[in-house]
Amino acid sequence: MATIEKSVSIERLVNTGFDVERIREDFPVLRQTVNGKPLVYLDNAASSQVPQVVIDRGSIYLEDEHSNIHRGVHYLSQKATTAYEGAREKVKRFINARESRECIFVRGATEGINLVMHGYGRKFIGAGDEIIISAMEHHANIVPWQMLCEEKGARLRVIPMNDAGELLLDEYDALLNERTKLVAITHVSNALGTVNPIKKMIDQAHKYGVPVLIDGAQSASHMLVDVQDLNCDFYAFSGHKMFAPTGSGIVYGKAEILEKMNPFQGGGDMIKSVTFEKTIYADLPNKFEAGTPAIASQIGLGAAIDYLNSIDRKKAAAHEHELLRYATEKLSAIEGVRIIGTAREKLSVLSFVIDDIHPHDIGTILDQEGIAVRAGHHCAQPVMQRFNVPATARASFAFYNTKNEVDVLARTIEKVVEIFS
Amino acid sequence: MSELSELYQQVILDHNKKPRNFRKLESANHSAEGFNPLCGDHLTVYLNLEDDAVKEISFEGSGCAISKAAASMMTQAVKGKSKEDAERLFSSFHEMVTSDSDEEQVAERLGNLKVFSGVREFPVRVKCATLPWHTMHAALNNEALVSTE
């Protein structure tokens, strides 16, 4: 028996050297069954699951440390403040920011982008100015800029993409000009999986002195992010897409830009002094963190970063890559299945449609077999319009997914095709 | 898979594949657009209403099998009915897909629309089945746009 077990464990390591069965034990939610079938969770691009250590860290905070931060001389408040600011330090190292005050805690990528829109956009962008986004943005990186353009009389320009779902960089170059005041692009597309060459795109914008915001909602959990190396001006991401609780997230900004910006929301914690005549705002990062934040969630984000640092992230990424390759191969082989998004550089997202079968019907049938996928427009309606589909079904992977789960997905999709044949 | 075969009955699959009255109605004097922003279902219902009766009805748009079949069968069910009867049918249909009550009366009134009773086992799909009905209701009452979310 011992030999068999050994050979099994070697087999599961052989492809990428990543022990996925060991990793799965860290995620209690994965142990359940859905409709009598083992849960196959393939909706990680919407929200990823939380490992036990992150759950435990939240419990410890609530059991032993809970108090409001930055405002108590008492023991618990100091303890909570230390834990909260400790999480900020972890974020700083995680994205290699110069200073922790450049890491602003927000509710998620959406709030981070809105913070930049209000704090930077409303102050520095005016009538006739231009903002460049891309054709593959999700609504969080479209709507705030549209609102700003409407308010200021500025103009939204959109970098087009080809049929594979790759941005046309020549067109981007042609869009940049002296009127451009901001570029806001996604690192990885949530609907297509495309990884954009953002370092190059940031350099291009900087030639015109234009700051760049990167929407990192889909990238932070899958790849190593170094904001200094990228030289981006802003980088926003959500904790709940990287194994932390909802309500956690970061917008990074270069200190010199954050200092010039207007505050986002007004309230407690973001001030130095308040009189009815004048308020003096607090220094970074507090200037952008009005009111009591999601303390437990942000501490959870710190714990999720610790967790990510405890695993071999390169091997985890290789494993995810292999899952995407394998799933693409398996699904492409099914008659009627069309993959939406075939960029050369892709990450962990597999969007697809099947002939005349609506993704919503695919989603329901997969759910009956315990498989969680997203069916819909992925909050990226312009992407759907670009590919002339009303919606897609999307399987998105994390490092705790397995090839066996991909097999279950492929088998069930065959069943979907059969039902509608 | 039994709940699934309740949901995707042959009649529903047939109407999905070959939707009836699936066209723009040139003689329409009422119409409304329905959206389900959650899943992207989108349809327009056209009505030719004369003397408070549905003389002609059609629809076009895109959506899942449930919404398409529901729209197709709805057009067959309400054609020729008075406005009042069409509204009553809507409320019976709504009751069937949202509640557990198996009232004989409701079932009787619905006729072959009963094939949609399986939808209530799938709460997130209820809006797919009711979207065409909400849209027809809006068209009857001169509302241009409905959204189910």
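Q: In β14(A), which residue is the bridge partner of Val337(A)?
A: This is a predicted model, so let's read the pairing off it. β13(A) and β14(A) run antiparallel and are joined by four bridges. Within β14(A), Val337(A) is bridged to Ile354(A).

Q: Which strands, in what order, make up the open sheet of four strands in chain A?
A: β13(A) and β14(A) are antiparallel partners, and β14(A) also pairs with β17(A) in the antiparallel sense, over four bridges. β17(A) in turn is joined to β16(A) by three bridges, again antiparallel. Put together, the open sheet has the order β13-β14-β17-β16.

Q: How many of the residues of β17(A) are buried?
A: Take the strand one face at a time. Thr392(A), Arg394(A) and Ser396(A) are buried on one side, and Ala393(A) and Ala395(A) are buried on the other. So both faces are covered, and the buried count is five of five.

Q: At about what angle to β16(A) does α13(A) run?
A: α13(A) spans residues 359-368. This helix lies across β14, β16 and β17 of chain A. Its angle to β16(A) is about 155°.

Q: Which element gives the largest share of the side of chain A that touches chain B?
A: Chain A brings 13 residues to the contact and chain B brings 14. On the chain A side, the elements giving two or more residues are α13(A) and β16(A). By class, that side has six nonpolar, six polar and one charged residues. The largest share, five residues, comes from α13(A).

Q: In what order do the seven strands of the open sheet with mixed pairing run, and which stand at the edges?
A: The order is β4-β10-β9-β8-β7-β5-β6 in chain A. The twist averages 20° from one strand to the next. Two of the strands have a single partner strand each, so one side of each is left without a neighbour in the sheet. Those edge strands are β4(A) (103-105) and β6(A) (155-159).

Q: Do β8(A) and β9(A) run parallel or antiparallel?
A: β8(A) takes in residues 212-215 and β9(A) residues 234-238. Three bridges join them, and Ile214(A) stands opposite Tyr235(A). Their direction is parallel.

Q: What angle does the direction of α4(A) make with that of β4(A)?
A: α4(A), residues 75-95, packs on the seven-stranded sheet. The strands it touches are β4, β9 and β10 of chain A. Its direction makes an angle with that of β4(A) of about 130°.

Q: Which strands does α5(A) touch as it packs on the sheet?
A: α5(A) covers residues 109-124. Its direction makes about 30° with that of β10(A). The strands it touches are β4, β7, β8, β9 and β10 of chain A.

Q: Why does α5(A) count as roughly parallel to α6(A)?
A: The axes of the two helices are 9 Å apart, and the helices pack at about 25°. Angles under 35 degrees count as roughly parallel, which means α5(A) is described, relative to α6(A), as roughly parallel.

Q: Which residues of α6(A) make the contact with α5(A)?
A: α5(A) passes α6(A) in a right-handed crossing. The α5(A) side uses Ile113(A), Asn114(A), Met117(A), Gly121(A) and Arg122(A). By class, the contact has five nonpolar, two polar and one charged residues. From α6(A) come Pro144(A), Trp145(A) and Leu148(A).

Notes:
Residues numbered from 1 in each chain as written. Chains lettered and ligands numbered in written order. Predicted model: local features only at pLDDT ≥ 70, side-chain atom pairs only at ≥ 80, totals over all residues. Axes fitted to C-alpha atoms, helices over the stretch in contact; angles between N-to-C directions. Parallel < 35°, antiparallel > 145°, perpendicular 65-115°, else oblique. Left-handed = near helix turned anticlockwise from the far one by under 90°. Contact = placed C-beta atoms within 7 Å. Nonpolar A, V, L, I, M, F, W, Y, C, P; charged D, E, K, R; others polar. Buried ≥ 20, exposed ≤ 12 C-beta atoms within 10 Å, placed from the backbone. Pairing = 2+ DSSP bridges.
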